[in-house]
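Student: I'd like to learn how to read a helix and a pocket. Could you walk me through them?

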Amino acid sequence: MSTRIAFLKGHGTENDFVIVPDPENALDLPPAAVAALCDRRAGLGGDGLLHVVRSAAHPEARGMAAEAEWFMDYRNGDGSVAEMCGNGVRVFVRYLQRAGHAAEGDLAVATRGGVKRVHIAKNGDVTVGMGRALLPAGDVEVSVGEREWPARNVNMGNPHAVAFVADLAHAGDLYAPPAHAPAGAYPDGVNVEFVVDRGPRHVAMRVHERGSGETRSCGTGACAVAVATARRDGLDPAATGTPATYTVDVPGGTLVITERPDGEIEMTGPAVIVAEGEFDSAWLEGVLA
């Protein structure tokens, strides 16, 4: 017997998500089901899926339940599991606000990348404490076709390779993952950002997100880009004691990234819920059969 399953659609700077509320973790969402839901032609369409679960109800989040009531069980568009999604956190929180689970002000969200501190402003923008960036040692290169560039290895709870280029068009169509070297630098794949300067502390980027292809925005990627750009510019807030703020343009809008002297990185940007509805479980079962 089929059942109706609630969903919503939302986006943060046009990085869009299928949102599936499931407080008690009662739904089975294997990778193939997530991929079917995120399919833009045969499904609901999205760069990823936000599975909304109470932390106490999910085995990966129970240890964080005392700090954060809600767990963002995030999946990439191909169904693979991801540690974190910065735009996804903002949209996740906007859903919690819409559903009456959160209000303006501060709250905490559990993710596979740890507990994230979030602030919902009166103007609707959402600021997410994204944690500290790790800068693994070792040279990395990325390439597209005949072009190759040195890249900065930045880990935001998920891996990034940040390359500064002369023209964003040089990144190509980004349908396929850009090649990287050495091969062992990213054993689980990598998000690759291509960056150009727009002005003082102002850059623009394109990104290939592992498991999703090119997306209109990537929150953790924007943070990685801001950190890599600050280091390129000779700025290290831990050394200077002064925060470094960068405006990062993405194809879907603009994010503001601040790295504080204590290493914490804050990302501020919009989050929008655009639709809600239901899908029939029988349709999903048919897709998976």
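Student: Which residues in helix 2 are buried?

Tutor: Buried means under 20% relative accessible area, with exposed over 50% and partly exposed in between (1.4 Å probe, protein chains only). In helix 2, the buried residues are Gly-86, Asn-87, Gly-88, Val-89, Arg-90, Val-91, Phe-92, Val-93, Arg-94, Tyr-95 and Leu-96. Because 11 of the 13 residues are buried, helix 2 is largely enclosed by the rest of the structure. This is a predicted model, where local features need pLDDT of at least 70, side-chain atom pairs count only at pLDDT 80 or more, and totals for chains, interfaces and linings use all residues. Residues are numbered from 1 along each chain as its sequence is written, and side-chain values use heavy atoms, leaving out hydrogens and water.

Student: What does helix 2 span, from its first C-alpha to its last?

Tutor: Helices are DSSP runs (H or I, at least four residues), numbered from the N terminus. The expected span is 1.5 Å times one less than the number of residues. Helix 2 (residues 86–98) reaches 19 Å, close to the expected 18 Å. Just after helix 2, Gly-100 has a positive phi of about 85°.

Student: Which classes of residue line the largest pocket?

Tutor: A pocket is an open set of points on a 1 Å grid over the protein atoms alone, with protein on both sides within 12 Å along at least five of seven lines; lining residues have an atom within 4 Å of a point. Ala, Val, Leu, Ile, Met, Phe, Trp, Tyr, Cys and Pro count as nonpolar, Asp, Glu, Lys and Arg as charged, and the others, Gly among them, as polar. The lining of the largest pocket has 6 charged, 4 polar and 2 nonpolar residues, including Asp-39, Arg-40 and Gly-46.

Methods:
Helix = DSSP H or I, 4+ residues; strand = E, 2+ residues; numbered from the N terminus. 1 Å grid on protein atoms, 1.4 Å probe; cavity = no way out; pocket = protein on both sides within 12 Å on 5 of 7 lines; lining within 4 Å.
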